[in-house]
Amino acid sequence: MGAREVGLPSTVLPVNTGDLPGRVTIWEVGARDGLQNEQSAVPVEVKLEFLDRLADSGLSVLEATSFVHPKWVPQLADAEDLLAGLTRRPDVIYPVLVPNERGLDRALAAGVDHIAIFGSATETFAQRNLNSSLDVQFAMFDPVVTRALEADMSVRGYVSMCFGDPWEGPVPVQQVVEVGRRMLEMGCWQLSLGDTIGVATPGHVEAVLGGFIEAGVDPSMLAVHFHDTYGQALANSLSALYCGVSTIDSSAGGLGGCPYAESATGNLATEDLVWMLEGMGIEHGVDLDKLVATSVWMAERLGRPSPSRVVQALAK
């Protein structure tokens, strides 16, 4: 049964168009962030078909994999094989994460055009995740960004623990803004603010985004990345839209977690996001029925149902 057959109007008037973006870019992270925490290996052939199906649904940004050391994220040890087997579409970009210069070398050898670096807003997570410190992490990023820009790559920046840290608790807004601004000043074209353990609420989202805007950062340079630990990911996304953000990270079927933060649950489900955007008259470019079918297909291969409420509703 298609989305149109279960009550979603074929024409929806936009809600308060003066305050909301007319179009949202969905940054699909299912193939990377969604699968990186799986306990059993997902064959590269399945990952390649997953990416192909996601592209068929109309998603234009598919984060493909990561060049982190296989010791730390063994599920992504097949990064080179995946990229070698990937049929790249001209209307789709396939970013990869790189943790350091060695990762950048691998990305360059694989012919990657778009990379992302990932930093921490807190001292403890920087030590646990990056084997660095809050301040020293920038010395690690600098040569990566410099060399990537020289190679005509685009560089996106991720900041983890922007809303709460399992070891340090609440994270000061100004601390998050300082880390984010330093990454932008290094040359990142966009900054994705991560609620790594899923503790944010809409008011907190507004406060963090407001801190960046007050610091002179245009909302077009910001994206948001929410986990759904407390069921707030969709509400938090709506709050971000009203703050002017027009890029939202999500994962098909709600797959994902964080291998370095045990309390992190699944990502915001792309289907849930699309359903909301559709109902608000905001363009997104995604065929919801094809996307639901893709998530059902992947759930069958993982041996468990999708946690996405929209997938559960439409797959019946």
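The largest nonpolar core of this predicted model has 94 residues, and those with the most contacts inside it include Phe50, Val96, Ile115 and Phe212. Such a core is a set of buried Ala, Val, Leu, Ile, Met, Phe, Trp, Tyr and Cys residues joined through side-chain atoms within 4.5 Å; buried means under 20% relative accessible area, with a 1.4 Å probe and protein chains only. Helix α2 (residues 44–56) gives the largest share of this core, seven residues. Helices here are DSSP runs of H or I with at least four residues, numbered from the N terminus.

Let's zoom in on Ile115. Neighbours within four places in sequence aside, its contacts (heavy atoms within 4.5 Å) include Val96, Val98, Leu104 and Met153.

Helix α2 turns up again as a partner of α11: the buried residues of α11 pack against α2, α10 and α12. Among those buried residues are Leu288, Trp297 and Leu302. At the start of α11, a side-chain oxygen of Asp287 comes to within 3.1 Å of the backbone nitrogen of Asp289. Just after the helix, Gly303 has a positive phi of about 80°.

| Helix | Residues |
|---|---|
| α11 | 288–302 |
| α10 | 270–279 |
| α12 | 309–314 |

Now for a loop: Ser133 sits between α5 and α6. Ser133 counts as buried because its relative accessibility is 18%. Beyond its neighbours within four places in sequence, Ser133 is in contact with Glu123 and Ala126.

A word on conventions: residues are numbered from 1 along each chain as its sequence is written. Local features need pLDDT of at least 70, side-chain atom pairs count only at pLDDT 80 or more, totals for chains, interfaces and linings use all residues, and side-chain values use heavy atoms, leaving out hydrogens and water.

Conventions
Buried means under 20% relative accessible area, exposed over 50%, partly exposed in between (1.4 Å probe, protein chains only). Helices (H or I, at least four residues) and strands (E, at least two) are DSSP runs, numbered from the N terminus. The expected span of a helix is 1.5 Å times one less than its number of residues. A polar contact is a pair of N or O atoms within 3.5 Å; within protein, one must be able to donate a hydrogen and the other to accept it, and residues adjacent in sequence count only if both atoms are side-chain atoms.
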